[in-house]
Amino acid sequence: GVVRALALSPDGGVLYVGGDFSQLTTADGSVEARPHLAALDAATGSLLPWLPPEDAGGRYYGHTGTKDKTRPGGVHAIVPSADGTTVHVGGSFLSFGGRSGLVSLDARTGQPTPWQSKIDRPVFGLTPGRDGHYFYAATGGTGGRLIAFRPHGPPEGTWEVKTDGDNLAVVETATTVYLIGHYDNIVQPDSDCYQYCPDGTARAHLSAFDHNGKIQDWSPTANTPTGPYNATADDDHLYVVGEFTKINGVHRVGFAAFSGAS
């Protein structure tokens, strides 16, 4: 099956692998059941006994999140907590460990933790907050969402941003939260519009917010309907990849770097 997500534990010892698979073949040839998610020794590749919960089936189909109970979904994003106690997992599943879209698992046992988020849409991107507490989710569904979660805080999140298209990735830097997706507008918080929302704030697939969810002036333009798919950042740059051929009218095929990310 397809592998869609990789993440390292905070100490670098465990590699978490997520996707659409239901089993893995280990180095010695044995086949082990692992629903969408597995933990490997990062140095050797050996499968660890960490066992995720069962998937009762069903998926969010497509980026609009239509519910389909004929087949299971999968894992699209993984974020271990900074303290090494929890692994937050996002995807297209409807009932993975009894949760839809996002499930938080015990890093020791693989089973669901007491705190769980409240979300009913597919999650395509996750990133940890630099303070070691928050984490951010980029979602699809009927209109996308950027949601900031604080474990043991409100299960629906501490703040959210609405868009008129699905969101695929989120990146946090020291001052900014960048949102990557297929949207064209940031939707007003009290609006029910979810597609082609002219009453919103125009943003062509790329936008920036402060750590309280307030939109910033940064507004580059990716030139295709789909635009970017993923992003990451270092101390000086934001890097974006996707299906675009131009950024701000400048020839950039599938990859662009923005300086001054902070």
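Reply: Happy to! Let's begin with burial: a residue counts as buried when its relative accessible area is under 20%, as exposed when that area is over 50%, and as partly exposed in between. Keep in mind that this is a predicted model.

Me: Thanks. Is tyrosine 136 buried or exposed, then?

Reply: Tyrosine 136 has a relative accessible area of 2%. The cut-off for buried is under 20%, so tyrosine 136 is buried.

Me: And how should I class tryptophan 159 and histidine 237?

Reply: Tryptophan 159 has a value of 14%, so this residue is buried too. Histidine 237 comes out at 28%, so it is partly exposed. You will find histidine 237 in strand β21, which covers residues 237-242.

Me: Now for the rings. How many aromatic pairs does a search of the whole structure find?

Reply: The search finds nine. One of them joins tryptophan 115 and phenylalanine 135 in an edge-to-face arrangement, with 6.4 Å centre to centre and 90 degrees between the planes.

Me: What do those two numbers tell me in general?

Reply: A pair of aromatic rings is described by the distance of the centres and the angle of the planes. Planes over 60 degrees apart count as edge-to-face, so the 90 degrees of tryptophan 115 and phenylalanine 135 put this pair in that class.

Me: Where do these two partners sit in the chain?

Reply: Tryptophan 115 is in the loop between β10 (102-106) and β11 (123-128), while phenylalanine 135 belongs to strand β12 (residues 135-139). The pair links distant parts of the chain, 20 residues apart. Both tryptophan 115 and phenylalanine 135 are buried. Ring pairs also link Trp115, Phe135 and Phe149 into a cluster.

Me: Last topic, sheets. In which order do the strands β1, β2 and β5 run?

Reply: They form an open sheet of three strands in the order β1-β2-β5, with antiparallel pairing. The edge strands, β1 (3-8) and β5 (37-41), each pair on one side only. Neighbouring strands of this sheet are turned by 25 degrees against each other on average, direction ignored. Between β1 and β2 (residues 14-19) there are five bridges, and leucine 8 stands opposite leucine 15 in β2.

Conventions: Residues are numbered from 1 along each chain as its sequence is written. This is a predicted model: local features need pLDDT of at least 70, side-chain atom pairs count only at pLDDT 80 or more; totals for chains, interfaces and linings use all residues. Side-chain values use heavy atoms; hydrogens and water are left out. Two strands pair if DSSP finds at least two bridges between them. Helices (H or I, at least four residues) and strands (E, at least two) are DSSP runs, numbered from the N terminus. Axes are lines fitted to C-alpha atoms, for helices over the stretch in contact, and angles run from 0 to 180 degrees between N-to-C directions. Buried means under 20% relative accessible area, exposed over 50%, partly exposed in between (1.4 Å probe, protein chains only). Rings of Phe, Tyr and Trp (its six-membered ring) pair if their centres lie within 6.5 Å; planes under 30 degrees apart count as stacked, over 60 as edge-to-face and the rest as tilted.
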